[in-house]
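Colleague: Could you walk me through how to read pockets and salt bridges in a structure like this one?
Modeller: Happy to; let's open the structure and start with the pocket.

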Amino acid sequence: MSDADAALVLALRAGDEGAFTTLVRRYHARLLRLAATMVPTPSVAEEVVQDTWLAVVRGLDRFEGRSTFKTWLFRILVNRARTAGAREPRTWSLEGPEEGFEERFDAGGHWQDPPVQWTDTVDDRIVAADVAHRVKAHLAELPEGQRQVFVLRDVEGVGAAEVCDLLGITQGNQRVLLHRARARMRDILELEMGRG
Amino acid sequence: MVLRRRHVVCREAVDLIADYLDGSLPPRDRRRLEAHLAGCEHCTEYLAQMRTTIEAAGRVEPDDLAPEALDELTELYRRWRAD
C-alpha cells in the first residue's frame, strides 16, 4: 500500500527525532481539528492529541503497515477521544434535514424558493478560497455525527469504508450522515452567500 | 428508494443528488436525474452548490501549528527516548 508517510515512519522507527517533528508538523493541527469534532473543549482536544502522539511513539512497533499511517494515527485519536468522553454513535441525535427545507418546494415537489446563485465572479480561485474559509468557520455548527463524518470524508479525504471502521458506524449511517452534513453546510453557506 | 414515476420532480432530484455526488446512483436513476437536470436550472444550481461545498471542504486549511505545541511534543519525545 502506497503511504506518503512511509519514509517518515521508517526513520521514526530508527529513532530519528527529525522524522517525529515532521510528522507533528504534518498532522498535529489536523488531529486537533478532528479531536474538536469529538470532545467538548479545546483543552480536552489538546490533551487527546498529546495522548495520541505518546501512543504513536510507544506503539509504533505495532504499526504493521496494513493501513496507511494516517489511518492508524486517526484510529488512535478516535480511541483516545472516546476514552476522554467522546460519545458513541448510538447516542448521536438523529438530526435530519433543516425543517425549512421542505417549505422551499410546492405541493408538486417543484422549487418555489429555489437556490440563489452564489457568485457571478469568473475568478474561481478567489471563490474557492472564500468558500473554504466559510466552511471552516461553520464546521462547529454541524451536529456531532454529521460533523465527524464530514471532516473525515470531505475535509480529510478518508475513504468511506475507513470512516465506517474508524467511527464504528454502518455504511448506511455513514452515507446518510455525510449527505445531511453536506446539505446542511450548503444551507449555511447559502445564507451567507446567496440570500437576503 | 424506488421511484415509480418516469419523470423526476425537483424534491426527488435533490434526494437523488446525494448518491449522485458519490457516484453510487444506479444507472437508471442516474439517467432520470440527468434528464431532469438538463431541463431544470434550479436543481442544476443546487448540484453545483453541493459540489462547491464539497470541494471547499477539501481545501479547508488546518490552523497553524503553535511553536509551543511543537516544543512540548519534542520534549515529550526526548523524554520518552531517554527512558
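Modeller: For sorting a lining, Ala, Val, Leu, Ile, Met, Phe, Trp, Tyr, Cys and Pro count as nonpolar, Asp, Glu, Lys and Arg as charged, and the others, Gly among them, as polar. Please keep in mind that this is a predicted model.

Colleague: How do the residues that line the largest pocket divide into nonpolar, polar and charged?
Modeller: The lining holds 15 nonpolar, four polar and nine charged residues. The volume of this largest pocket is about 750 Å³. There are 28 lining residues, and A:Leu32, A:Arg33, A:Ala36, A:Ala45 and B:Asp63 are the closest to the pocket centre.

Colleague: Which elements give two or more residues to the lining of that pocket?
Modeller: From chain A they are helix H2 (17-36) and helix H3 (42-59), and from chain B helix H4 (67-82).

Colleague: On to charges. What is the general idea behind a salt bridge?
Modeller: Side chains of opposite charge can pair when their charged atoms come close. Over all chains, the search of the whole structure finds 22 salt bridges.

Colleague: Which residue meets A:Arg30 in a salt bridge?
Modeller: The partner is A:Glu156, with 2.7 Å from N to O. This pair links distant parts of the chain, 126 residues apart: A:Arg30 sits in helix H2 of chain A, while A:Glu156 is in the loop between helix H7 (144-155) and helix H8 (160-167).

Colleague: Are A:Arg30 and A:Glu156 buried or exposed?
Modeller: Both of them are buried.

Colleague: What does A:Arg104 form a salt bridge with?
Modeller: With A:Glu190, where the closest N and O atoms are 2.6 Å apart. A:Arg104 lies in the loop between helix H5 (99-102) and helix H6 (124-138) of chain A and A:Glu190 in helix H9 (residues 171-193), so their pairing ties together parts 86 residues apart in sequence.

Colleague: Why do A:Arg104 and A:Glu190 count as buried?
Modeller: Buried means under 20% relative accessible area. A:Arg104 is buried because its value is 6%, and A:Glu190 is buried because its value is 1%. These two also belong to a network of salt bridges that links A:Arg104, A:Asp113, A:Arg186, A:Asp187 and A:Glu190.

Colleague: And how should I read the salt bridge between A:Arg134 and A:Asp130?
Modeller: Their side chains meet at 3.0 Å, N to O. The two residues are about one helical turn apart, because four residues separate their positions in helix H6 of chain A. A:Arg134 is partly exposed at 23% relative accessibility, and A:Asp130 is partly exposed at 29%.

Definitions and conventions. Residues are numbered from 1 along each chain as its sequence is written. Chains are lettered from A and ligands numbered from 1 in the order in which they are written. This is a predicted model: local features need pLDDT of at least 70, side-chain atom pairs count only at pLDDT 80 or more; totals for chains, interfaces and linings use all residues. Side-chain values use heavy atoms; hydrogens and water are left out. On a 1 Å grid over the protein atoms alone, a cavity is a set of points where a 1.4 Å probe fits but cannot get out, and a pocket is an open set with protein on both sides within 12 Å along at least five of seven lines; lining residues have an atom within 4 Å of a point. Grid points are joined across faces, edges and corners, and a volume is the space filled by probe spheres set on the points. A salt bridge is a side-chain nitrogen of Lys or Arg within 4 Å of a carboxyl oxygen of Asp or Glu. Buried means under 20% relative accessible area, exposed over 50%, partly exposed in between (1.4 Å probe, protein chains only).
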